[in-house]
Amino acid sequence: MILLFFFSLFAQPDSSALQWKAEKEFQLKSTFITADEMGNLYVVNKDEITKYGSKGDSICTQSFKTMGWISLLDVTNPLRPMIFYRDLNQVVVLDNTLSVQGEPVKLEKLGLQFTKLFCQSPNNQNLWLYDTDEFRLMRMDKNFQLVRSSGNITQVTGRDLNPTHMQEWNNFLYLSDPDQGILVFDMFATYSKTIPLKNIRNFQVTNGGIFYLEDNSLLRYDLMSFESMKIPLPLNTVESFRISGKRLYLQGSSKISVFSLQ
């Protein structure tokens, strides 16, 4: 019901009719933010993660100083968040209290020497990795055993790629290359098409659309109608965003603001 509510609001032809309600504001510096499907907010500041509940209460904070700065925190599975360290080529598995589970996964031991991107799959606890050594996508199970591989993507597409972000949604993987657009792959890691949205380094696929920032506005590209809609934001300066349920999280230079749609 929440998803349908949120989708119906964003599907309005006049985006100026959208009304934002301020819920919470955190005076915090952060490297980046993310949020899970349960409404928990995760604030990453260099090598530290703080988790906030749906009511804005601080649940836990963990520091990972021995590993260095965190490249990515994936909370697709809120019971099994994962940290990706791009420079170390390692993945760290956490529990819902952000405590480390087991030893870090050293990707070079799996034959992956240069892993640039990582994300979890909502399906069967699978994982996706992009290997820049062989220009291939790899889908693995929760134990990091290979399930599928795309082969050399540059040979399939005929393009040199420099992807910056990827996410699985509704059984498709979306891979953004700012110069090429957003490449779409199915669950078998087979290339499907390229969506002509360029100059996008980060995005979120949810509620039937691709959301991204442009000129301090939130844009939504509809995956069914292929139409774009600009959504004015309630803040003047926004560095990143995250959508979870009917909440919108906005990251500024020194604060994080939480809004809901009315």
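Modeller: Glutamine 204 counts as buried, because its relative accessibility is 5%, and the cut-off for being buried is under 20%. Please keep in mind throughout that this is a predicted model, and that each value below is computed from it. Glutamine 204 sits in strand β18, which covers residues 204-206. Its side chain reaches the backbone oxygen of isoleucine 243 at 2.8 Å.

The loop that links β17 and β18 contains asparagine 199. Asparagine 199 counts as exposed, because its relative accessibility is 66%, and exposed means over 50%. Its phi is near 60°, a positive value in a residue other than glycine. Most residues other than glycine have a negative phi.

Leucine 98 also has a positive phi, near 70°, and it is found in the loop between β8 (90-93) and β9 (105-106). Leucine 98, however, is buried, because its relative accessibility is 1%.

Strand β17 (191-195) leads us on to the second largest pocket, where β17 and β15 (172-177) each supply at least two residues of the lining. The largest share, three residues, comes from β17. This pocket has a volume of about 190 Å³, and among the residues that line it are Trp169, Phe172, Tyr174, Ser192, Lys193, Ile195 and Met224. By class, the lining is made up of seven nonpolar residues, three polar ones and one charged one.

Serine 260 is another buried residue, because its relative accessibility is 5%. It lies in strand β24 (residues 256-261), and its side chain makes a polar contact of 3.0 Å with the side chain of glutamate 23. Leaving out residues up to four places away in sequence, serine 260 touches Gln19, Trp20, Lys21, Glu23 and Lys246.

Phenylalanine 118, in strand β10 (residues 115-120), is buried because its relative accessible area is 3%. Its contacts beyond four places in sequence include Leu72, Met82, Phe84, Val91, Trp128, Phe144 and Met166, and Asp74 is one of them too.

In soluble globular proteins, nonpolar side chains tend to be buried together. The largest nonpolar core here has 15 residues, of which Ile49, Phe64, Ile70, Leu73, Ile83, Tyr85 and Leu94 touch the most other members. Strands β3 (41-45) and β7 (82-85) each supply at least two residues of this core. When its neighbours within four places in sequence are left aside, phenylalanine 64 is in contact with Asp47, Ile49, Ile70, Ile83, Tyr85, Leu94, Leu98 and Val100.

Notes
Residues are numbered from 1 along each chain as its sequence is written. This is a predicted model: local features need pLDDT of at least 70, side-chain atom pairs count only at pLDDT 80 or more; totals for chains, interfaces and linings use all residues. Side-chain values use heavy atoms; hydrogens and water are left out. A nonpolar core is a set of buried Ala, Val, Leu, Ile, Met, Phe, Trp, Tyr and Cys residues joined through side-chain atoms within 4.5 Å. Buried means under 20% relative accessible area, exposed over 50%, partly exposed in between (1.4 Å probe, protein chains only). Helices (H or I, at least four residues) and strands (E, at least two) are DSSP runs, numbered from the N terminus. Contact means heavy atoms within 4.5 Å. On a 1 Å grid over the protein atoms alone, a cavity is a set of points where a 1.4 Å probe fits but cannot get out, and a pocket is an open set with protein on both sides within 12 Å along at least five of seven lines; lining residues have an atom within 4 Å of a point. Grid points are joined across faces, edges and corners, and a volume is the space filled by probe spheres set on the points. Ala, Val, Leu, Ile, Met, Phe, Trp, Tyr, Cys and Pro count as nonpolar, Asp, Glu, Lys and Arg as charged, and the others, Gly among them, as polar. A polar contact is a pair of N or O atoms within 3.5 Å; within protein, one must be able to donate a hydrogen and the other to accept it, and residues adjacent in sequence count only if both atoms are side-chain atoms.
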